[in-house]
Amino acid sequence: MKKAVMIIIIILTVSFLSAQKFKNLAKTPPMGWNSWNCFGPDINEKLVKEIADAMVSTGMRDAGYKYIVIDDGWQIGRDKKGNIIVNKKKFPSGIKALADYIHSKGLKFGIYSDAGRKTCQGLPGSRGYEYQDARQYASWGVDYLKYDWCYHGKQNSEASYKLMRDALYKAGRPIVFSICEWGTTKPWKWAKDIGHLWRTTEDILDCWDCINDWGGMGWTLILDKQVGLEDYSGPGHWNDPDMLEVGNNGLTTKEYRAHFSMWCMLSAPLMAGNDIRKMLEGTRDILMNKEVIALDQDSLGKQAIKFKDFGDYEIWVKRLKGDELAVAFLNKGDNDFHIIVKWKNILRKFGLSENIYKVRDLWKHKSLGTTKTVFDSNLGKHDIILVRLIK
Ligand code: GLA
């Protein structure tokens, strides 16, 4: 009898110990760069090193973007022992050397794989090789894994992602685990203790509100799908509305400003998806606006709620630490709006109506008075006004 109890205790302890993720990572939404949105599978060592250099020289690293993630297209097969083979034409020095280079710049390194048999580009996935791949990543010095969901067949999503989480944990190197299951089986309901972030939708496209038959949509449509997910996001476990399209030329600077503002309001991971080597001034000003990034990185980790929806015109509010708020007035439509807002109505909703705040415009970098006055402004087509109510 005693022996049986002992065995049960041992089994419970072992399963408890193995069922963990790295808890001290991604306490604020991860920031970095990912190769997919701009380069697709056409990636190589020279390009990624140049991006790493540019992350430093442009000031992106110092603005907080630290993970350089290579997406699909770096792998080519498996050897007889099942080890993943790197495409040597693209990465002649191998992944470890690239990771070392990136680390030497004060940046962190991320990689991509898939929970199914193949990646979305038809390259080898990690199905059946989870522990072996995780050990390999750890030995290369990987700090971040984006784990996709193509070719999953009849696999159970939760079990598949748990398996890789356990493999990463066993490999022992702290790795941010980014679940890319496109929201298909509502990962916000099961992934809190499995990954540090999870995609909530199909792929983002570089447009305002287009939709593709094969999947993918513009950022405003992705935004619509974040309503109702607010309570699932927080320090160490973030809703991920996909990587940024800012600077990829499909939208105007003003429209990208709105996209970036809303991603920061959502506490979204900020993975730049543009060619950092050739950034225009407008793109730099957006991606490196410290006051806007501060909303995203606020330690409270609260996702914004849609406070009012007037059709094309919406008001979003994000609670910040120290009883402050961020408010976004977003015009998704083609007509101008004249906004008149009594701040008290917004403050009341958050139980803060007794306070008086300074109103700061985070794109114009100037004060707009206090919450004692009525806010009266014009909001142009596809534009945003983003303010912080400061105590
Ligand atoms: C899926 C993902 C994308 C990207 C590609 C790579 O579509 O959602 O973000 O990783 O695969 O093939």
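Biologist: In what order do the six strands of the open sheet with antiparallel pairing stand?
Modeller: This is a predicted model. Its edge strands in this sheet are strand 11 (305-309) and strand 16 (366-370), each pairing on one side only. From one strand to the next, the twist averages 25°. With antiparallel pairing, the order of the open sheet is 11-12-13-18-15-16.

Biologist: Over how many bridges do strand 11 and strand 12 pair?
Modeller: Ile-305 stands opposite Val-317 in strand 12. Lys-306 has Trp-316 as its bridge partner in strand 12. Strand 12 covers residues 313-320, and its pairing with strand 11 is antiparallel, over four bridges.

Biologist: Which residue takes a positive phi in the hairpin of strand 11 and strand 12?
Modeller: The two strands pair in the antiparallel sense. Three residues lie between them in the hairpin. The positive phi, near 90°, belongs to Gly-311.

Biologist: What is the strand order in the open sheet of eight strands?
Modeller: Strand 9 (238-240) and strand 10 (270-272) stand at the edges with a single partner strand each, so one side of each has no neighbour in the sheet. Neighbouring strands are turned by 25° against each other on average, direction ignored. The pairing is parallel, and the order is 9-8-7-6-5-2-1-10.

Biologist: Which residue in strand 10 is the bridge partner of Gly-32?
Modeller: Strand 1 covers residues 31-34 and pairs with strand 10 in the parallel sense over three bridges. In strand 10, the partner of Gly-32 is Met-271.

Biologist: At about what angle does helix 4 run to strand 5?
Modeller: Helix 4 covers residues 94-104 and lies across strand 2 (67-69) and strand 5 (108-114). Helix 4 runs to strand 5 at about 145°.

Biologist: Why does the pair of Arg-78 and Asp-133 tie together parts that are apart in sequence, and how many residues apart are they?
Modeller: The side chains of Arg-78 and Asp-133 meet in a salt bridge, at 2.8 Å from N to O. Arg-78 lies in strand 3 (residues 75-78) and Asp-133 in helix 5 (residues 130-140), so the parts tied together are apart in sequence by 55 residues.

Biologist: What distance separates the centres of domain 1 and domain 2?
Modeller: The chain is divided into domain 1 (6-296) and domain 2 (305-390). Their contact takes 26 residues from domain 1 and 23 residues from domain 2. Taken over C-alpha atoms, the centres are separated by 31 Å.

Biologist: About how much area do domain 1 and domain 2 bury between them?
Modeller: In domain 1, the residues that lose the most area to domain 2 are Met-265, Glu-291 and Leu-295, together 30% of what that side buries. Carbon and sulfur atoms hold 68% of the area buried between the domains, which comes to about 2000 Å².

Biologist: How many salt bridges are counted between domain 1 and domain 2?
Modeller: Elsewhere in the account, the rule brings the count of salt bridges to 23. The side chains of Lys-332 and Asp-224 meet in a salt bridge, with N to O at 2.6 Å. Across the interface of domain 1 and domain 2 there are 11 residue pairs in polar contact. Between domain 1 and domain 2 the salt bridge count is two.

Biologist: Which helix gives the most to the side of domain 1 that touches domain 2?
Modeller: The elements giving two or more residues to that side are helix 7 (219-224), helix 8 (253-265), helix 9 (281-287) and helix 10 (290-296). With nine residues, the one that gives the most is helix 8.

Conventions:
Residues are numbered from 1 along each chain as its sequence is written. This is a predicted model: local features need pLDDT of at least 70, side-chain atom pairs count only at pLDDT 80 or more; totals for chains, interfaces and linings use all residues. Side-chain values use heavy atoms; hydrogens and water are left out. Two strands pair if DSSP finds at least two bridges between them. Axes are lines fitted to C-alpha atoms, for helices over the stretch in contact, and angles run from 0 to 180 degrees between N-to-C directions. Domain bounds come from an automatic or database domain assignment. Contact means heavy atoms within 4.5 Å. Buried area is the accessible area (1.4 Å probe) that two parts lose on being put together, summed over both. A salt bridge is a side-chain nitrogen of Lys or Arg within 4 Å of a carboxyl oxygen of Asp or Glu. A polar contact is a pair of N or O atoms within 3.5 Å; within protein, one must be able to donate a hydrogen and the other to accept it, and residues adjacent in sequence count only if both atoms are side-chain atoms.
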